[in-house]
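Thanks for coming, everyone. I have one structure to walk through today. Please have a look at it first.

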Amino acid sequence: MSDATATLPEDPPLVQGDITLQKLDDDISAPYEAFPTKRWWIAFLLVQPLAIAFLVCFVYTIGAGIGTWGNNAPVGWGWAITNFVFWIGIGHAGTLISAILYLLRQKWRTGIARFAEAMTIFAVICALQFPLIHTGRPWLAAYWLLPLPNSNNIWVNFRSPLLWDVFAVSTYGLVSFLFWYTGLLPDLAIARDRAKHKVRKLVYGIMSLGWKGSNRAWSHYEKAYLLFAGLSTPLVLSVHSVVSFDFAVSVVPGWHTTIFPPYFVAGAIFSGFAMVATLIIIMRKYFKLQHVITNDHLDVMNRIVIATSLMVGYAYIIEIFIAWYGGVTFERYAFINRALGPYAWAYWLMVTCNVILPQLLWFKKIRSTVKYLYPIVILVNLGMWLERFVIIITSLTRDYLPSSWDDFAPSWVDIGLLVGSFGLFLTLLLLFCRFLPTVAMAETKAVLPGSQPSGGHHD
Amino acid sequence: MTFDDAKLRDRPEVTTRDDNPLPPEDNALTRRTAMKLFSVTALMGAVAGCTRKPERYIYSVVDRPEYQRPGTPLYYHSTWTDGLYPYGITVKCVDGRPIKIEGHEEHPLNLGKACAPMQAALVSLYDPERLKSPRSGKNDVTWEQADKRIVKALQAASSTVVVTRGLLGPSEQALAAQFLKAAPGAKHFVHEPAVDRERRAAWKAIYGADGELVPEFDKADVIVSIDCDFLGTDGDVVSNTRRFAATRRPEAGTFSRLYVAEGGMTVTGSSADHRLPMRPSEASALVAALAGGTAKEGWDAKVIAAMREDLAANRGKALVVAGPHLPAAVHAAVAKLNAELQAPLLWNAAPALLPANDPQEIRAALAAGADVAIFLGVNPVYDLPGADLAKVKLSIAHGLTANETLAACDIALPSAHNLESWNDTAPLAGMTTYCQPMIAPLFGGRQEADSLLAWTKALDESATDAEDFHDYVKARSGLEAKAWQAALRKGYTGSGSFAQAPAPKSLDATAPAAGAAGTMDVVLVADPFLGDGRWAGNPWLLETPEPVTQLVWDNAAMMGPAAAKALGVAKEDWVTITLGDATLDLPVLVKTGFQKDTILVHLGWGRTAGAGVGDRVGINAYPLSAAGHLLVGAKVKSAGKQKYHLVRTQRAHDQMDREIARSATAKEFAAHSDFAKHRRHHPPLDQIDQEVDYTKGHKWVLGIDLNQCTGCNACMVACQSENNIPTVGKDEVSLGRDMSWIRIDRYEKGDPENPEISQMPMLCQHCDNAPCETVCPVNATVHSPEGLNDQIYNRCVGTRYCANNCPYKVRRFNFFNYTKQAIDTPVEELAQNPHVTVRMRGVMEKCTFCVQRINAAKFERSNKGEKVEDGDVVTACQQACPADAIVFGDENIEGSKIAAARKADLAYHVLEELNVRPNVTYQARVRNLHPSLDDYTPGAAKKGGH
């Protein structure tokens with residue numbers, strides 16, 4: 001490890017304990033090679049009611065209409081769009097870790113990259129459910145929002161931020177998937193090579209696309225990975241910027257704000273890292289991978305959490321300042337209403353979770369001790385969901401004409417869809433843990449002691 | 001192929017769509033294209049499987065009547081006989097079914113204007129609740145069987161009681177007289193439970209004759225209303241509104257001043273320049289104060305002084321009116337005052353609405369044990385507390401639905417609807433209006449007069465030669481075939497006129513004592529939409545918000561914050577109202593503007609049978625009505641029950657200096673007639689998009705004059721009828737999902753007992769820079785070259801982004817398949833306007849400026865090779881508006897009314913600082929304050945003026 005800037009100042013080993021290449025493969029492959037453990041089954045069965053709840057609410061919504069939700073005349077968008085933005089935000093950490101940190105040569109990413117990327121894809125899958133079912137006629141929206149040629153010569157409206165969303169989110173989802181899959185190839189080959197059963201060998205064999213581990217293959221792989229990293233990096237920034245345009249481009253007081261793109265991206269990374277931390281802490285304990293995903297990883301992730309928390313906090317303050325400074329009565333009222341109106345509880349809970357509590361992460365002990373940091377990252381997740389709730393609900397319930405003001409209350413279907421989307425997400429995640437290597441074996445091997453040329457300091 | 005309609009227009013023989021040239025036949029069907037077609041069809045089948053297209057059967061006409069062309073509307077003139085005033089109506093019929101009721105433009109009584117119940121009568125025609133067959137006991141019988149039994153009973157009877165409504169035409173009256181002669185011991189009672197029986201009796205005593213005072217509001221410069229809601233619920237509201245609104249044109253220089261002293265908050269009070277909260281039982285003291293006495297403590301002495309000064313200074317042009325529930329002494333004092341003021345009052349010696357009998361007489365006649373009791377179109381079991389049918393040997397009731405009385409009677413007979421009946425009425429001297437059927441009775445109903453005729457003839461064959469009531473009316477009219485046709489086509493004969501009000505003869509009546517402290521005055525008023533309860537089954541009327549409280553699907557004990565505080569109750573708590581033996585529990589509605597000792601309760605709610613969707617909705621307040629309509633000294637206390645849920649369509653009423661509904665005092669208007677344009681200042685508005693030239697072709701624009709609008713909500717029902725807008729029910733309205741395309745916003749400011757009211761109709765503003773259009777991902781809402789904001793229902797996928805981005809929040813979303821019932825119930829389906837798409841669930845909708853009417857006018861003109869002229873297009877809301885507050889037209893037509901309205905000094909746009917460029921122009925309201933009470937000082941205008 002010659003490049004001092006690339007590693008942490010103290011340069012602790014990225015993988016702890018006395019570990020060999022073989023042991024690493026064994027440890028990481030154990031969960032998907034062994035028959036599912038009792039614990040996996042318990043976890044899987046626990047999340048199934050949630051996933052079924054999602055399915056039920058999904059089908060009910062499509063069958064009966066948006067009336068099953070709490071939406072009303074001023075509040076056209078309710079929890080569905082809140083959930084959409086929330087999940088898209090969650091999906092940011094994965095690509096950030098795999099792409100941007102890769103380009104920045106942050107080697108500590110190797111332990112968590114695979115898991116974070118998988119989380120990204122599942123989060124995007126969850127997110128995509130919401131824009132579809134939130135439309136009044138999803139059976140048409142499913143393809144009318146795509147610029148398909150048709151006999152009526154009706155084109156989509158390229159001025160609509162919702163259309164930009166369609167492009168941004170689908171591109172992001174697709175590229176994230178390809179990036180993730182490319183990264184998976186060497187590991188799938190390891191799984192294939194280790195497989196003892198014929199079917200396993202066949203399936204992993206097909207999935208690994210004939211990976212041989214030759215120099216040529218590695219060379220192409222590295223180039224492709226780099227290219228994908230390069231391609232994904234702007235997408236990390238663009239997708240949430242575009243999502244924020246849904247709000248920023250509108251005329252609704254409290255939405256019509258130029259700060260939204262960077263504010264949303266920062267918020268997305270913030271929530272994404274919090275979610276990665278939330279899940280990975282459980283995951284590494286379940287699969288006994290504490291030596292691969294160490295507390296130092298958590299420490300570094302929490303540094304990003306606190307950095308983005310400050311950005312989000314800055315955005316909160318600047319929004320209020322601009323509302324006052326801009327002098328637009330509607331805008332001023334929108335922010336007074338946020339802080340003091342009927343949803344003030346949500347606003348202040350959001351500020352507490354997103355800005356105040358994360359300040360504790362300045363202490364190294366807190367940010368690298370699971371029992372301290374865990375409540376904080378959980379509350380950041382809550383806070384970031386509330387942020388979208390506050391933006392959408394407070395703005396729509398109190399806009400221009402007081403005559404049209406009305407409050408919003410979620411229905412049981414709204415709640416079912418939110419809770420259920422976690423069921424869907426966790427189901428996908430558990431299946432991933434069951435069938436695919438959760439840590440990038442090939443990449444992690446590269447950060448084991450002695451695996452890299454060490455610039456003349458031969459042992 | 002392209003379709004050159006300009007060319008086509010020049011061909012005079014082309015008049016119908018049937019003549020459109022067809023594309024040339026294409027026989028080049030190869031195997032390849034066939035395969036393509038098969039696969040496309042299969043795919044479409046799969047896709048179509050997901051959509052909801054109602055299955056239909058289409059009947060084609062074999063022999064088409066010569067005057068009827070499919071899809072082309074026919075219009076008939078008729079008379080609305082279901083209400084209290086026989087307004088002229090024009091009924092639009094398409095393919096044999098009435099689809100819209102509008103005012104008859106030339107009719108002298110209402111001049112084309114409409115009230116909500118008149119327009120909503122269409123729904124009751126297609127009410128699936130209508131009684132389908134005569135019933136004897138519990139069995140369905142034929143008309144012959146029913147008649148036989150009735151006639152037999154009548155022949156044997158020694159006493160017969162006939163109870164009818166008040167609005168009877170001359171033919172009906174003549175027939176009733178013949179019946180009474182033929183049936184031994186028969187007596188006729190007029191039952192109108194919620195109408196001004198007391199005031200009519202008082203007038204009779206004062207003026208020495210039966211009749212009705214007709215105030216000429218249009219000739220008054222000063223109007224003082226003493227608890228009289230002449231714009232909302234009292235009397236000929238449509239004419240009153242028209243007459244009053246005619247005096248509210250500040251720019252034209254005709255500008256009356258309206259003082260309202262009232263206990264509740266009413267539509268009239270909302271239009272007042274000065275409002276004096278007054279306990280209704282203190283009305284005598286107020287008239288005394290106006291006549292020179294001293295003002296009571298607690299009243300604003302300045303307002304009383306201003307009233308007095310104004311009345312004195314405007315002799316001949318000042319008018320005092322008093323509410324129908326007030327005691328005779330008040331009417332006597334008002335008559336004296338009006339006589340001194342030479343007030344512009346007319347007199348209708350023979351109003352169409354007959355004076356009602358004292359309910360006590362009807363009660364006594366029934367309790368005495370009549371042999372036969374016949375109830376024609378009345379519902380005493382519901383609205384006459386103490387009406388007891390137990391001693392009646394044979395009770396017979398005629399009605400549209402199996403209401404409480406039909407359910408309680410031995411024989412229940414289905415009536416024909418107003419639109420299925422022949423009739424005549426005489427609203428004023430020298431004028432007869434006619435009512436003709438548009439459609440055969442839908443469920444085999446028979447109009448009440450036909451029943452009476454059949455029974456009369458069975459009792460006395462020599463009574464008349466008429467086969468049916470049509471012949472009877474025709475014979476009585478004395479008109480020969482051609483003249484009869486002409487009369488029906490015109491809807492009325494003669495022009496009619498009112499007499500001058502006679503001088504009061506007898507003015508001595510002693511005023512009853514005012515209500516004691518600690519008790520409340522409870523005013524019972526017919527609901528502005530459900531009337532006395534006869535329209536309680538009408539979903540349109542149930543869902544039209546009560547104009548002042550905006551309450552839907554309920555009635556309540558309406559009171560002010562001070563009263564609620566004194567009683568220790570909050571909104572939606574229950575109170576018990578006790579007066580003598582009568583007691584009633586009602587939920588509390590707290591509303592600003594109510595005097596602290598007054599409670600207002602609407603009658604007509606709480607029906608229990610035959611009202612369909614209106615059954616068990618609201619509370620029946622008739623049990624309190626035994627003591628009249630003003631209950632003085634009622635004891636009110638908290639009932640301590642669990643809270644009730646009242647649903648109101650508007651939740652926030654403070655416009656927070658946003659200057660949405662703009663107004664100024666007369667003094668300010670005199671100093672700055674364009675004050676409205678300077679109420680909000682903003683940076684220059686830059687246009688980012690390319691400017692569109694709207695000066696060529698049409699440019700459709702709507703104007704609303706806030707000086708005219710009284711907030712009566714007639715436009716809401718007009719719009720609902722024209723545009724197939726579904727009703728959604730109490731629960732959905734409670735969630736904020738009412739579907740109305742036009743609504744009346746109400747803003748209040750200041751003293752909770754006497755707030756300053758601003759009202760404004762709010763509808764799609766058809767912005768030229770529409771925020772909704774840019775955000776729709778599928779281009780389902782786009783701008784037309786004529787300035788319309790078009791909504792394309794079949795393209796809409798329902799993202800609701802447009803609704804979020806609409807600053808006026810006028811877009812309405814079909815959260816459920818609200819129209820399902822209207823489509824699935826064959827009879828309800830008939831009420832839908834075939835020229836407007838019925839929207840399915842998941843689709844956004846909103847005001848279209850009645851685009852179907854615009855296109856109809858354009859086609860009609862273009863078929864004749866003419867240009868569209870001003871006045872060709874009348875939107876449904878504009879047509880109905882009794883105040884003429886709405887103007888619509890093409891701004892590009894020089895000299896058009898709307899072009900003038902757009903350029904008026906008072907003209908402004910709501911939220912103009914957003915640069916959305918609305919095509920709805922409002923004219924700001926001017927409050928004609930008495931100079932001594934106008935504290936406006938030039939230069940001190942808020943928001944800086946210039």
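Let me start in chain B, with strand β26, residues 574–579. Four bridges tie β26(B) to β29(B), and the two run antiparallel. One pair to look for there is Thr578(B), whose bridge partner in β29(B) is Lys635(B). Before I go on: this is a predicted model.

Stay with β29(B), residues 630–638. Strand β23 of chain B, residues 520–526, also joins β29(B), through three bridges, again antiparallel. Here Val522(B) stands opposite Leu631(B). As a reminder, strands of a sheet pair through backbone hydrogen bonds, either parallel or antiparallel.

Where does that leave us in the domain layout? The assignment for chain B gives domain 3 as 520–648. Domain 1 comes in pieces: 135–195, 354–420 and 439–478. Domain 2 is 197–348. Domain 4 is 663–684 plus 699–944. Over C-alpha atoms, the centres of domain 1 and domain 4 of chain B are 45 Å apart.

Next, another sheet in chain B. In what order do its four strands run? The order is β39-β32-β41-β40, in an open sheet with mixed pairing. At the edges stand β39(B) and β40(B), the latter at 907–908. Each has a single partner strand, so one side of each is left without a neighbour in the sheet.

Look at β39(B) in detail, residues 886–890. Is this strand buried or exposed? It is mostly covered, with five of its five residues buried. Leu702(B) has Phe888(B) as its bridge partner in β39(B).

Over to chain A. How many helices and strands does chain A have? There are 17 helices and zero strands. Its radius of gyration is 23 Å, close to the 23 Å that the globule rule gives for 459 residues, so chain A is as compact as a globular protein of that length. The C-alpha trace spans about 75 × 55 × 45 Å along its principal axes. Buried residues make up 49% of chain A. Now take the contacts in chain A with a separation of 6 or more: 82% of them link residues 24 or more positions apart.

Now the contact between the chains. Chain A puts in 40 residues and chain B 45. On the chain A side, the elements giving two or more residues are α6, 138–144, and α7, 161–194. The largest share, four residues, comes from α6(A). By type, the chain A side divides into 23 nonpolar, 13 polar and four charged residues.

Last, the core. The largest nonpolar core has 403 residues. Which residues have the most contacts inside it? They are Ile226(B) and Ala557(B). Yet the largest share of this core, 15 residues, comes from a helix of chain A: α10, residues 260–286. In soluble globular proteins, nonpolar side chains tend to be buried together.

Zoom in on Ile226(B). Set aside its neighbours within four places in sequence. The contacts of Ile226(B) then include Ala261(B), Ala283(B), Leu286(B) and Val287(B). Also among them are Val320(B), Val321(B), Ala322(B) and Gly323(B). Leu326(B), Val330(B) and Val334(B) are in contact with Ile226(B) too.

That is my tour. Questions, please.

Definitions and conventions
Residues are numbered from 1 along each chain as its sequence is written. Chains are lettered from A and ligands numbered from 1 in the order in which they are written. This is a predicted model: local features need pLDDT of at least 70, side-chain atom pairs count only at pLDDT 80 or more; totals for chains, interfaces and linings use all residues. The radius of gyration is taken over C-alpha atoms; the globule rule is 2.2 Å times the number of residues to the power 0.38. A residue is buried if 20 or more other C-beta atoms lie within 10 Å of its own, exposed if 12 or fewer, and partly exposed in between; C-beta atoms are placed from the backbone. Two residues are in contact if their C-beta atoms, placed from the backbone, lie within 7 Å. Two strands pair if DSSP finds at least two bridges between them. Ala, Val, Leu, Ile, Met, Phe, Trp, Tyr, Cys and Pro count as nonpolar, Asp, Glu, Lys and Arg as charged, and the others, Gly among them, as polar. A nonpolar core is a set of buried Ala, Val, Leu, Ile, Met, Phe, Trp, Tyr and Cys residues joined through C-beta atoms within 7 Å. Domain bounds come from an automatic or database domain assignment.
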